[in-house]
Amino acid sequence: MTDLGRVLVLAGGLSAEREVSLRSGSRLRDALARVDVDVELRDVDAATLPALAADPPEVVFPVLHGISGEDGTIREVLDLYGLPYVGAAPAACRAAFDKATAKATVTAAGVATPEAVTLPREVFHDLGAAALIDRIVGRLGLPVIVKPRAGGSALGVGRVDDAGQLAEALMACFGYHDWALIERAVTGVEIAVGVLDTGDGPRALPAVEVEPAGGVYDYAARYTAGATIFHTPARLDDAVLRAAAETAVTAHRMLGLRDLSRTDLIVDATGTAHFLEVNVAPGLTDTSTWPMALHAAGLDLAVVARDLAAQAQAQAQARDPDRARSRAARP
């Protein structure tokens with residue numbers, strides 16, 4: 001075994017992305033075990049906090065997706081318990097998980113992002129859905145993409161080509177979040193650009209081009225083997241790929257993220273990369289783009305994960321050397 005100590009992989013939970021998280025966690029556990037890391041996978045439930053208190057791990061690697069996993073909640077809890085962890089701090093997670101906030105943040109840095117309107121469920125009831133839908137279509141045009149203000153795995157996301165479809169798309173969206181983000185649809189090539197920082201600053205991984213067989217990169221297309229063709233690196237000009245990489249790194253920096261992230265973009269016919277969203281806990285399943293990008297860069301998921309865990313541990317020790325010494329003295 002390595003001298004890293006025990007690494008706890010947190011997965012599962014109760015969000016709508018539970019099953020994807022468990023798949024990510026299982027793959028990460030197996031990868032870390034392959035490089036002789038003492039690793040444990042725990043499904044987050046009511047027994048988690050007593051276990052953390054009774055037998056704290058040396059470092060935690062959260063791969064919880066969706067609410068509680070990516071909105072900063074679990075990181076806040078880990079901070080309360082004084083446990084080092086891989087990934088962004090709570091405040092950065094909250095900013096990145098909120099798509100409207102993330103879009104506003106990257107726009108301030110000069111990053112292109114589709115124009116959008118963000119409204120809560122109640123306003124459609126209180127002020128009249130028909131009048132608001134008319135104004136939204138007048139402002140953004142058609143088609144538009146309707147998505148939950150926060151969330152992942154394309155759950156609750158729908159494309160609207162006709163104004164008559166917008167009310168139904170909003171209802172589907174509100175099944176996952178109380179706020180809807182209605183965004184002007186951009187036609188182009190969809191890519192995912194992973195970012196990795198193992199101590200030398202964030203760098204972009206090769207872009208992964210997404211080509212869903214059914215034309216829509218929805219939940220099934222993301223997690224069903226063979227439902228999507230992935231091209232790594234993306235089939236785009238070098239200048240466009242460099243600009244997309246710069247956009248992903250800019251988003252990572254502007255949102256205060258650390259260790260790893262994934263930015264989703266649409267590249268239009270002019271070569272402009274439009275920011276869609278950023279993920280602080282990228283999926284690690286067999287059909288997830290972040291591990292594909294690692295492989296394309298000649299990197300091993302197991303080694304990278306081990307290094308990220310060691311980095312989190314070292315940074316925690318640097319912040320609190322007294323605590324580090326007391327943990328080292330434990331029998």
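This is a predicted model: local features need pLDDT of at least 70, side-chain atom pairs count only at pLDDT 80 or more; totals for chains, interfaces and linings use all residues.
Two strands count as paired here if DSSP finds at least two bridges between them.

S12 covers residues 260–267, and eight of its eight residues are buried. In a regular strand the side chains alternate between the two faces of the sheet. Here both of those faces are covered: Leu-260, Arg-262, Asp-264 and Ile-266 are buried on one side, and Ser-261, Thr-263, Leu-265 and Val-267 are buried on the other.

What does S12 pair with? One partner is strand S8 (residues 189–196), which runs antiparallel to S12 over eight bridges. S12 and S13 form a hairpin with five residues between the strands, where Gly-271 takes a positive phi near 90°.

Side chains of opposite charge can pair when their charged atoms come close.

Asp-161 and Arg-159 meet in a salt bridge at 3.0 Å, N to O. This time Asp-161 is partly exposed at 45% relative accessibility, and Arg-159 is partly exposed at 47%.

The structure holds 19 salt bridges in total, and one of them leads toward the other end of the chain. Arg-6 forms a salt bridge with Asp-55, with 3.2 Å between the closest N and O atoms. Arg-6 sits in the segment before strand S1 (7–11), while Asp-55 sits in the loop between helix H2 (48–54) and strand S3 (59–62), so the pair ties together parts that are 49 residues apart in sequence. The Arg-6 end is buried, at 15% relative accessible area, whereas Asp-55 is partly exposed at 47%. Glu-40 joins in too: Arg-6, Glu-40 and Asp-55 are linked in a network of salt bridges.

That brings us to the sheet built from S1, S2 and S3. It is an open sheet of three strands in the order S2-S1-S3, with parallel pairing. Strand S2 (39–43) and S3 stand at the edges with a single partner strand each, so one side of each is left without a neighbour in the sheet. On average, neighbouring strands of this sheet are turned by 25° against each other, direction ignored. S1 and S3 pair in the parallel sense over four bridges, and Leu-10 stands opposite Pro-62 in S3.

Two helices pack on this sheet. Helix H3 (residues 73–80) touches S1 and S3, and its direction makes about 175° with that of S3. Helix H12 (residues 301–319) also touches S1 and S3, with its direction at about 130° to that of S3.

One last stop is helix H10 (residues 238–254), where you will find Glu-246. Glu-246 counts as exposed, at 55% relative accessibility. Glu-246 and Arg-203 are 43 residues apart in sequence, with 8.7 Å between them in space, C-alpha to C-alpha.

How values were computed:
Residues are numbered from 1 along each chain as its sequence is written. Side-chain values use heavy atoms; hydrogens and water are left out. A salt bridge is a side-chain nitrogen of Lys or Arg within 4 Å of a carboxyl oxygen of Asp or Glu. Buried means under 20% relative accessible area, exposed over 50%, partly exposed in between (1.4 Å probe, protein chains only). Axes are lines fitted to C-alpha atoms, for helices over the stretch in contact, and angles run from 0 to 180 degrees between N-to-C directions. Contact means heavy atoms within 4.5 Å.
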